[in-house]
Amino acid sequence: MIPSSPEAPAAARRFVSEVLAQHTPNLTESTVDDVRLITSEMVTNAYRYGTEPGDSVLVVIVPAIERVRVEVHDPRRKRPEYKPESVTRARGRGLFILDALAKRWGVDDRPFGKIVWAEVAC
């Protein structure tokens, strides 16, 4: 569980690094970087659009032989949306990053909120 705050993405990246180093030490640095970036983007979206002050997000990392699955649970059912591209806005690229780096990704409902998940091939 990570408190929802501007610091949440950095905390999630540290968590991913620790879990992957402990459970999948043979992953390439490129794969680890992809998982960290995907996690950071999903946690950023959860913080900005899926939580309110005082909420937390749950980050789950499931390493396996063929893939690493990342899940970010938040308390709102509102699904992520693609934003139109803009050269002036520094936001709105998270789902495009998921499309580019994840083997597959999706959104599942849960009783109180949603789970945004992504899988990265190893």
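Student: What is the relative accessible area of Asp 108?
Tutor: Quick background: this is a predicted model, where local features need pLDDT of at least 70, side-chain atom pairs count only at pLDDT 80 or more, and totals for chains, interfaces and linings use all residues. Residues are numbered from 1 along each chain as its sequence is written, and side-chain values use heavy atoms, with hydrogens and water left out. Buried means under 20% relative accessible area and exposed means over 50%, with partly exposed in between (1.4 Å probe, protein chains only). Asp 108 counts as partly exposed, as its relative accessible area is 34%.

Student: Which strand holds Asp 108?
Tutor: Strands here are DSSP runs of E with at least two residues, while helices are runs of H or I with at least four, and numbering starts at the N terminus. Asp 108 falls in the run of residues 104-110, which is β4.

Student: With which side chain does the side chain of Asp 108 make a polar contact?
Tutor: First, contact means heavy atoms within 4.5 Å. Leaving aside neighbours within four places in sequence, Asp 108 is in contact with Arg 69, Arg 79, Lys 114, Ile 115 and Trp 117. A polar contact asks for a pair of N or O atoms within 3.5 Å; within protein, one must be able to donate a hydrogen and the other to accept it, and residues adjacent in sequence count only if both atoms are side-chain atoms. At 3.2 Å, the side-chain partner of Asp 108 is Trp 117.

Student: Is Glu 71 buried or exposed?
Tutor: Glu 71 sits in strand β3, residues 67-74. Setting aside residues within four places in sequence, Glu 71 has contacts with Leu 58, Val 59, Val 60, Ile 115, Val 116 and Trp 117. Its relative accessible area is 14%, so Glu 71 is buried.

Student: How long is the polar contact between the side chains of Glu 71 and Arg 69?
Tutor: Glu 71 belongs to β3. Its side chain reaches the side chain of Arg 69 through a polar contact of 2.9 Å.

Student: How far apart are the axes of α1 and α2?
Tutor: Two packed helices are described by the angle between their axes and the distance between the axes. Axes are lines fitted to C-alpha atoms, for helices over the stretch in contact, and angles run from 0 to 180 degrees between N-to-C directions. Helix α1 covers residues 8-23, and with α2 the angle is about 145° and the distance between axes is 8 Å.

Student: What relative accessible area does Ala 12 have?
Tutor: Ala 12 is in helix α1. Not counting residues up to four places away in sequence, Ala 12 touches Ile 2, Thr 39, Val 43 and Val 59. Ala 12 is buried, as its relative accessible area is 0%.

Student: The side chain of Arg 36 makes a polar contact with the side chain of which serine?
Tutor: Arg 36 is a residue of α2. Beyond four places in sequence, Arg 36 touches Arg 13, Val 16, Ser 17 and Glu 29. Another, at 2.9 Å, goes to Ser 17.

Student: How are α2 and α3 oriented to each other?
Tutor: Helix α2 (residues 29-49) packs with α3 (residues 94-101) at about 150°, with axes 9 Å apart. Angles under 35 degrees count as roughly parallel, over 145 as roughly antiparallel, 65 to 115 as roughly perpendicular and the rest as oblique. So the orientation of α2 and α3 is roughly antiparallel.

Student: How far apart are the C-alpha atoms of Thr 44 and Pro 9?
Tutor: Thr 44 lies in α2 and counts as buried at 14% relative accessibility. Pro 9 is 35 residues away along the chain, yet the C-alpha separation is 5.8 Å.
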